[in-house]
Amino acid sequence: MRRDDASSLPDPAVLPALPAGAGRPAATGSATGSAMGLGALLAAIADRHPARIALVDQASKPAWCGRPAIAWTYAAAREIVARLAEGLQQWRLPPGSPIGLCMAGMAEAHLAFLAIEQAGHVPCPLPVTWDEDRLLQAVEAAQVLAILTQGVLGAERPADKVCRVAMRYFPLRFVAAFGPHVPDGVISLDQVVLDHRGDAAALGTGPAAGLITFALPGTLSGAVPAHPGPQPEPEGAPLPVRREAEALTAAAAGCLVPLRIEPGERILSLLPSTDLKGLATGLAAALLAGATLECHPVFDAGALSAALDQPVPTHLVAPAWMEAGFSRTTVPGRLRTLAYVHRAPCRLSARLPGRSGVVDIVAFDEVALLCGRRDAQDVGLVLAAPERAASAPERAAPGGDRGGLIQLRRDPDGRLSFRGPACQAVMLRRGITENENPDGWMDSRFRASLFAGVATAVAEMP
């Protein structure tokens, strides 16, 4: 689907980068001063370890999207990204255009994210589970000019839904999808891969334009959830949040310190790759560590059990509400690390304290991720005494001080604020960034509930 009369957006600002070598995070800036993105990390690892596995699809993928489950090496992933990027460049969109990515977390979604970045545009992940009205709100707020999606997701037809969004938002110029069941008038991304060659050697050599994710401040009660199960999404309109490429890399580096992921190991993620917590613990973390990423966007107990039985060191990233179920199984014993991701507001009192190899990651909207191991720098202790974050040896990262990536402050009224490269983000207002934090501190809408010197919950400010 193509339209020729979309308005252009201003070129994004490019900030100094936080690049990394294959397998180890670093805290040095680039020699050129250009922001280097995830494509540069992929290319670096592909040069040194081309046969290493980069992306692995969920084994049950054919059942829910009609596409084969593939394991991609770093070399193969670089080639496909280059082909997709070449196809996107043929659309002649203004540099730095927001391009939506409305897909489940399969390999094609990660390759498309990297291709958007390589083409000089801004990836804008859109949850494929959102309904048409919410997608429309997000597309309008971020002024998205194109959307990449997929034809089938179980009984759903995401490409058809995106077409209906395009009919309601005229500036949306292109809709493209991976098959099967690509609707008439929608560009086939499978055909794009076949028709374009691309320059794999150029991957990651240009500046990265950053990314846009969406915060959902919501209209829940404001109280801490009363039960540990999955929580419904807030009902508020999506608010676009813009961050530069190096801010995503810094957030991923902050997660890698407690996760202790080594090159060639595997991240097995049960989170969608559509927001800061999913990207920083998934694609960005895997590329920064030189690891393999396997995502399971559709929960399948059999597929998950089979994946855990694979003889490769594995780090599982899962929603925090799954802890009670996993604690009754042999899953924790089969893992190097088990990371539970909490979405504020949340309870921390139901966790099992002192467990070796368990990491907690608390996501404060799209502002910051606070990470800590339960056998070392527990997040409950850091939230109660923010000075612990900067002083503990656990925070020391290879090539730099972990405390320099994110700083935490608790204001007199209890409000939590964050500062540092890992939480540099700005709100978008109709495509224009607004810096509401000139002193560098990002205020959150949360406070920590304390008991006996430990944070037992993260609640919304009254």
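## Packing around helix α6

In this predicted model, α5 passes α6 in a right-handed crossing, meaning that the near helix is turned clockwise from the far one by less than a right angle. The contact (heavy atoms within 4.5 Å) is made by Glu132, Asp133, Leu135, Leu136 and Val139 of α5 and by Lys161, Arg164, Val165 and Arg168 of α6. By class, this contact has four nonpolar, no polar and five charged residues. The two helices pack at an angle of about 55 degrees, with their axes 10 Å apart, and α5 and α6 are therefore oblique to each other.

Residues are numbered from 1 along each chain as its sequence is written. Local features need pLDDT of at least 70 and side-chain atom pairs count only at pLDDT 80 or more, while totals for chains, interfaces and linings use all residues, and side-chain values use heavy atoms, with hydrogens and water left out.

The average pLDDT (the predictor's confidence in each residue, from 0 to 100) is 86 for the protein, and 84% of the residues score at least 70. Two stretches are tabulated below.

| Stretch | pLDDT | Contacts beyond four places in sequence |
|---|---|---|
| residues 2-33 | under 50 | 74 contacts |
| residues 391-402 | under 50 | 29 contacts |

Where pLDDT is low, the predicted coordinates should not be read in detail.

Notes
Axes are lines fitted to C-alpha atoms, for helices over the stretch in contact, and angles run from 0 to 180 degrees between N-to-C directions. Helices (H or I, at least four residues) and strands (E, at least two) are DSSP runs, numbered from the N terminus. Angles under 35 degrees count as roughly parallel, over 145 as roughly antiparallel, 65 to 115 as roughly perpendicular and the rest as oblique. Ala, Val, Leu, Ile, Met, Phe, Trp, Tyr, Cys and Pro count as nonpolar, Asp, Glu, Lys and Arg as charged, and the others, Gly among them, as polar.
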